[in-house]
Amino acid sequence: MLYKTMLIAITLLLTVLGVNALAHSQGELPILALAIPALWLLPQGGVAAWLLLIGLGLFGYALPEQPVALSVSLFMMLPILIICTSPKGCWQLGSLMISIVLAMNAGLMALQGEGKLPGSITATLLQIIAIAIIWFAARSWRPVEGNTWWPIILVIPLWVGGMEHAALLALCVTGIIAALQSLSKVHLDEWIPKLACVLPAVGFATLVIMPQFDVANPILVSWLLVLGGGLLGESLLEDPEEEE
């Protein structure tokens, strides 16, 4: 019980630190910073590790063109995708969840097209695709017995090169993956989907709470509606026996 609590606390702390590092970098990150966590899973990670590498790389490629708050808010797609593919769900619930996400993302891209919101439609689409790839990689992922630790050494040139925020973000993402992997190894797999729903919300809430970060109202409204949809979907998935 204590070990589980520690792992969950570590993932929450690393999420807050990672989002702070991303916000302070203003999205100006080398691709290497987001590639390190995926490289850490290779070669035993198999196809899932390569998909994670592609997804994180594509997400990082579009980061400089986007407001950080928008990039972080898009990760609320993860719990929606989990709800849509849950064996407890139905096609009606999945359609409702997807409709909410599509409506919110379409609204944000429309504002970008009109010049009322920073960023570009192309970058938003790339990040949506990237998050879908990351979700599929996580869905296909299996715990790795022996991780390759040499990629962690790559944070040193980032730090020495004056990119401390990039180095910290790489370590935080790697730490989150390691903590989730540890939960799976001690047969606490049921907590991983729950954390996949909580961590994106915690990450965006960090930006909202911190006074030095600016979150545009359309992004905040979009995130709140997707969050509300996710909470509604999660409540509908619960069995009456579980609620009792």
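Trainee: Where does Ile80 sit?
Mentor: Ile80 is in helix α5. Keep in mind that we're looking at a predicted model.

Trainee: Is Ile80 buried or exposed?
Mentor: Ile80 counts as buried, since its relative accessibility is 2% and the cut-off for buried is under 20%.

Trainee: And how far apart are Ile80 and Met97 in space?
Mentor: Going C-alpha to C-alpha, 6.2 Å lies between Ile80 and Met97, and in sequence they are 17 residues apart.

Trainee: OK, back to α5 itself. At what angle do the axes of α5 and α7 cross?
Mentor: Roughly 50°, and the two axes come within 10 Å. For reference, α5 covers residues 77-84 and α7 covers residues 121-140.

Trainee: Right-handed or left-handed crossing?
Mentor: Right-handed, for α5 passing α7.

Trainee: What about α3, at what angle does that helix pack with α7?
Mentor: About 160°, and the axes of α3 and α7 are 8 Å apart. Helix α3 is residues 46-62.

Trainee: Roughly parallel or roughly antiparallel, then?
Mentor: Roughly antiparallel, because angles over 145 degrees count that way. The crossing of α3 past α7 is left-handed.

Trainee: Switching to charges. How many salt bridges does the count come to?
Mentor: The count comes to one salt bridge. Glu114 pairs with Lys116 there, and their closest N and O atoms are 3.4 Å apart.

Trainee: Why can side chains like that pair at all?
Mentor: Opposite charges can pair when the charged atoms come close.

Trainee: Is Glu114 buried or exposed?
Mentor: Exposed, because Glu114 has a relative accessible area of 52%, and the cut-off for exposed is over 50%. Lys116 counts as exposed too, at 61% relative accessibility.

Trainee: Let's do the surface. Which residues make the nonpolar patch?
Mentor: Leu13, Leu17, Trp159 and Leu168 make that nonpolar surface patch, which is about 370 Å².

Trainee: Where is Leu17 found?
Mentor: Leu17 is in helix α1, which runs over residues 2-25. Leu17 counts as partly exposed, because its relative accessible area is 35%.

Trainee: Where is Gln26 found?
Mentor: In the loop between α1 and α2, where α2 is 31-41. Gln26 counts as exposed, because its relative accessibility is 59%.

Trainee: New topic: which helix has Val68?
Mentor: Val68 is in helix α4, residues 68-73. With a relative accessible area of 12%, Val68 is buried.

Trainee: How far are the C-alpha atoms of Val68 and Leu22 separated?
Mentor: By 7.4 Å, and those two residues are 46 apart along the chain.

Trainee: Last one, Thr206. Where is its place?
Mentor: Thr206 is in helix α10, residues 191-209. Thr206 is buried, with a relative accessible area of 6%.

Trainee: And what separates the C-alpha atoms of Thr206 and Gly230?
Mentor: 19 Å separates those C-alpha atoms, with Thr206 and Gly230 being 24 residues apart along the chain.

Methods. Residues numbered from 1 in each chain as written. Predicted model: local features only at pLDDT ≥ 70, side-chain atom pairs only at ≥ 80, totals over all residues. Heavy atoms only, no water. Patch = residues over 30% accessible without salt bridge, like charges linked within 9 Å, V, L, I, M, F, W, Y side chains within 5 Å. Areas by Shrake-Rupley, 256 points an atom, 1.4 Å probe, with all protein chains shown as cover. Salt bridge = Lys/Arg side-chain N within 4 Å of Asp/Glu carboxyl O. Helix = DSSP H or I, 4+ residues; strand = E, 2+ residues; numbered from the N terminus. Buried < 20%, exposed > 50% of the residue type's maximum accessible area, 1.4 Å probe, protein only. Axes fitted to C-alpha atoms, helices over the stretch in contact; angles between N-to-C directions. Left-handed = near helix turned anticlockwise from the far one by under 90°. Parallel < 35°, antiparallel > 145°, perpendicular 65-115°, else oblique.
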